[in-house]
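Biologist: I'd like to learn how to read a structure like this one, feature by feature. Can you walk me through it?

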Amino acid sequence: MPTGIPGASPFGTMPGGSMPRPTEEEEEADVDMKTTENPLDAQKAPLEPSEERSIVLHEDKEYFVSADVLYPEAEVLVQDEDTQPIEQPIIAPVKSEVYQYMETTMPKTSFSFQFLTSLMDHPTLIRHIAVVGHIHHGKTSLLDTLVAETHPEHPAFAPTRPQQPRYTDARHDEHTRAISIKSTPLSLVLPTLRGKSHLLNLLDCPGHLQLTDESTAAMRLADGVLLCVDAAEGVMLHTRLLLEHALSTTDHALPIVVVLTKIDRLILELKLPPRDAYRKLEHVLAEINSILDRAAFGRGRVSPELGNVVFASGLFGFSFTLESFATMYAEYHAPKKGRKLG
């Protein structure tokens, strides 16, 4: 035990003030403490190298499986330079031949071509008409009706034809898409109710809203406008734009004749009774007149009484005005010779 004397040893003091020697047990304990590993030295020991802990450079990293591993049987060719010429596209576009339908021989018509050319010398008997309207409102079908009237022996208008002729659609893509893409001119000689023949230069214009430039160019050349409106659908957005454009094309508004096409839809599809069909047609004409009142300041009006409204059906191939129908009705019910009405 310590004695409280400075410099005293816990093992006691030897005579003469010298320190006592440690025993054998104490020396063995001291040796064991020296040989014990330090925990800090164990943390500083080098770790064994492994793939998970190894440092991989960026250019040596593999984010996806290589083609050799994924397709071991495939042959991989790596080219440093492009062997394809710069003029040749990587993916070549699909090109198809664009062709037009043309008459190989002169068709037989109800008028002679000599008479047609003779009418060209009389400008008062020539009419340039732009046939415009919304898409799928029966413009091409209306012209098919007129062509069938003047081309009675044409094979395209045979009763056993498999599909609609679409005579003015001369392009292959127009027949494929079933729409008109380019304006097509057509010259016909048609008589009036009094038998006076006129040369009509008709321009079948496309009805798609993005092809309005074709209708615009046709109106600049035309003397009048033949506006086709579907009797079932009524006035559409493009119909309204064409009406306003026809009234502002030149210094004076172009004469407008409204053709209510596809009137058969009122009976076959909508199945309207006669009174409701009449109200439907009346509503369509009232909407057209409201546009004319705003655009032409009340100077224009369409009505069957004025003779500027035509009723037509491309499916059954007929068209008539109020005057022509009355004339046909009177001729059909006219009394025969020696027979009196009543």
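This is a predicted model: local features need pLDDT of at least 70, side-chain atom pairs count only at pLDDT 80 or more; totals for chains, interfaces and linings use all residues.

Biologist: How much of the chain is buried?

Modeller: Of the 342 residues, 31% are buried. The accessible surface comes to about 25,200 Å², with 57% of that belonging to carbon and sulfur atoms. Contacts are worth a look too: among those between residues at least 6 apart in sequence, 66% join residues at least 24 apart.

Biologist: Next, the sheet. In what order do the strands run?

Modeller: The general idea is that strands of a sheet pair through backbone hydrogen bonds, either parallel or antiparallel. Here the seven strands make an open sheet with mixed pairing, in the order β2-β3-β1-β4-β5-β6-β7. At the edges sit β2 (184-191) and β7 (318-320), each pairing on one side only. From one strand to the next, the twist averages 25 degrees.

Biologist: In which sense do β6 and β7 pair?

Modeller: Strand β6 (residues 309-313) and β7 are antiparallel, with three bridges between them.

Biologist: Can we zoom in on one residue? Why does V310 count as buried?

Modeller: V310 has a relative accessible area of 14%, so it falls under the 20% cut-off for buried. You'll find V310 in strand β6. Leaving out residues up to four places away in sequence, V310 touches V257, V258, V259, L260, S319, F320 and T321. Take V258: it is 52 residues from V310 in sequence, yet their C-alpha atoms are 6.2 Å apart.

Biologist: Now the charged side chains. How many salt bridges does the count come to?

Modeller: In general, side chains of opposite charge can pair when their charged atoms come close. The count here is 10 salt bridges. One of them joins D230 and R265, whose closest N and O atoms are 2.8 Å apart. D230 lies in strand β4 and R265 in helix α9, so the pair ties together parts 35 residues apart in sequence. Both D230 and R265 are buried.

Biologist: Where do E282 and R279 lie?

Modeller: Both are in helix α10, three residues apart, which is about one turn of the helix. E282 is partly exposed at 37% relative accessibility, and R279 is partly exposed at 46%. Salt bridges can also share partners: D230, E233, K262, R265 and E269 are joined that way into one network.

Biologist: And D173, is that one buried or exposed?

Modeller: D173 is buried, with a relative accessible area of 19%. The salt-bridge partner of D173 is R171, at 2.7 Å between the closest N and O atoms. R171 is partly exposed at 21%.

Biologist: Last one. Which residues form a nonpolar patch on the surface?

Modeller: That patch is I267, L268, L315, F316 and F318, with about 520 Å² of accessible area together. Take L268 as an example: it sits in helix α9 (residues 265-268). L268 is partly exposed, with a relative accessible area of 46%.

Notes
Residues are numbered from 1 along each chain as its sequence is written. Side-chain values use heavy atoms; hydrogens and water are left out. Patches are made of residues with over 30% relative accessible area and no salt bridge: like charges are joined within 9 Å, nonpolar side chains (Val, Leu, Ile, Met, Phe, Trp, Tyr) within 5 Å. Accessible areas come from the Shrake-Rupley method with a 1.4 Å probe; for residues, only the protein chains shown count as cover. A salt bridge is a side-chain nitrogen of Lys or Arg within 4 Å of a carboxyl oxygen of Asp or Glu. Helices (H or I, at least four residues) and strands (E, at least two) are DSSP runs, numbered from the N terminus. Buried means under 20% relative accessible area, exposed over 50%, partly exposed in between (1.4 Å probe, protein chains only). Two strands pair if DSSP finds at least two bridges between them. Axes are lines fitted to C-alpha atoms, for helices over the stretch in contact, and angles run from 0 to 180 degrees between N-to-C directions. Contact means heavy atoms within 4.5 Å.
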